[in-house]
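Look over the sequence and the model, then read on.

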Amino acid sequence: MKSFTETVRMVVQNIPKGSTMTYKDVAIKAGRPLAARAVANIMAKNFDGTVPCHRVIKSDGSLGGYNRGGEVIKRKLLMSEGAII
DNA sequence: TAGTTGACCGGAA
DNA sequence: ATTCCGGCCAACT
């Protein structure tokens with residue numbers, strides 16, 4: 001059994017290129033449907049450079065945030081991968 | 001140990 | 001449609 005953080009990282013890495021998932025979806029895949037907030041916290045404080053967190057967005061369709069508020073960078077990355085914003 | 005924080009979510013006003 | 005409130009989870013102080 002891996003820690004919740006490890007599972008979240010795996011899920012985010014498992015996101016296909018050109019696709020996006022909401023924090024909630026990631027939390028669900030990680031096994032904690034109500035831990036969307038925890039997922040955000042993991043990304044925010046313990047961001048992993050090995051995980052494409054720019055593929056994770058809010059449930060409203062907004063990009064939410066990125067490393068230090070670089071939402072613009074996030075949008076550009078997603079569009080560069082073929083994702084539709 | 002307890003309290004606060006954060007890139008959130010859903011419902012209510 | 002926008003704004004406010006409560007709730008949930010993990011990490012930090």
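The largest pocket holds about 150 Å³ of space. A pocket is an open set of points, on a 1 Å grid over the protein atoms alone, where a 1.4 Å probe fits, with protein on both sides within 12 Å along at least five of seven lines. This is a predicted model: local features need pLDDT of at least 70, side-chain atom pairs count only at pLDDT 80 or more, and totals for chains, interfaces and linings use all residues. Residues are numbered from 1 along each chain as its sequence is written, and side-chain values use heavy atoms, with hydrogens and water left out.

**The pocket**
- Its lining consists of Tyr23, Ala40, Met43, Ala44, Phe47, Cys53, Gly65, Tyr66, Asn67 and Lys74; lining residues have an atom within 4 Å of a point.
- Helix α3 gives the most to this lining, with three residues. Helices are DSSP runs (H or I, at least four residues), numbered from the N terminus.
- By type, the lining has seven nonpolar residues, two polar and one charged. Here Ala, Val, Leu, Ile, Met, Phe, Trp, Tyr, Cys and Pro count as nonpolar, Asp, Glu, Lys and Arg as charged, and the others, Gly among them, as polar.

**The core**
- The largest nonpolar core has 16 residues, and Val8, Val12, Ile15, Val26, Val39, Met43 and Val56 touch the most other members. Such a core is a set of buried Ala, Val, Leu, Ile, Met, Phe, Trp, Tyr and Cys residues joined through side-chain atoms within 4.5 Å.
- Two or more residues each come from α1 (4–13), α2 (23–30) and α3 (36–45). α2 gives the most, with four.
- Val39 touches Phe4, Val8, Tyr23, Val26 and Ala27, leaving out residues up to four places away in sequence. Contact means heavy atoms within 4.5 Å.

- Val39, Ile42 and Met43 are buried in α3. They cover an arc of only 95° around the axis, so they sit on the same side of α3. The arc is that of the directions from the helix axis to the C-beta atoms.
- Arg37, Ala44 and Lys45 are exposed on the other side of α3. Buried means under 20% relative accessible area, exposed over 50% (1.4 Å probe, protein chains only).
- The cover over the buried residues of α3 includes α1 and α2.

**Ala30**
- Ala30 lies in α2 and is buried, at 13% relative accessible area.
- Beyond its neighbours within four places in sequence, Ala30 is in contact with Phe4, Thr7, Val8 and Val11.
- The C-alpha atoms of Ala30 and Glu6 are separated by 8.9 Å, and these residues are 24 apart along the chain.

Key: Chains lettered and ligands numbered in written order. Points joined across faces, edges and corners; volume = space filled by probe spheres on them.
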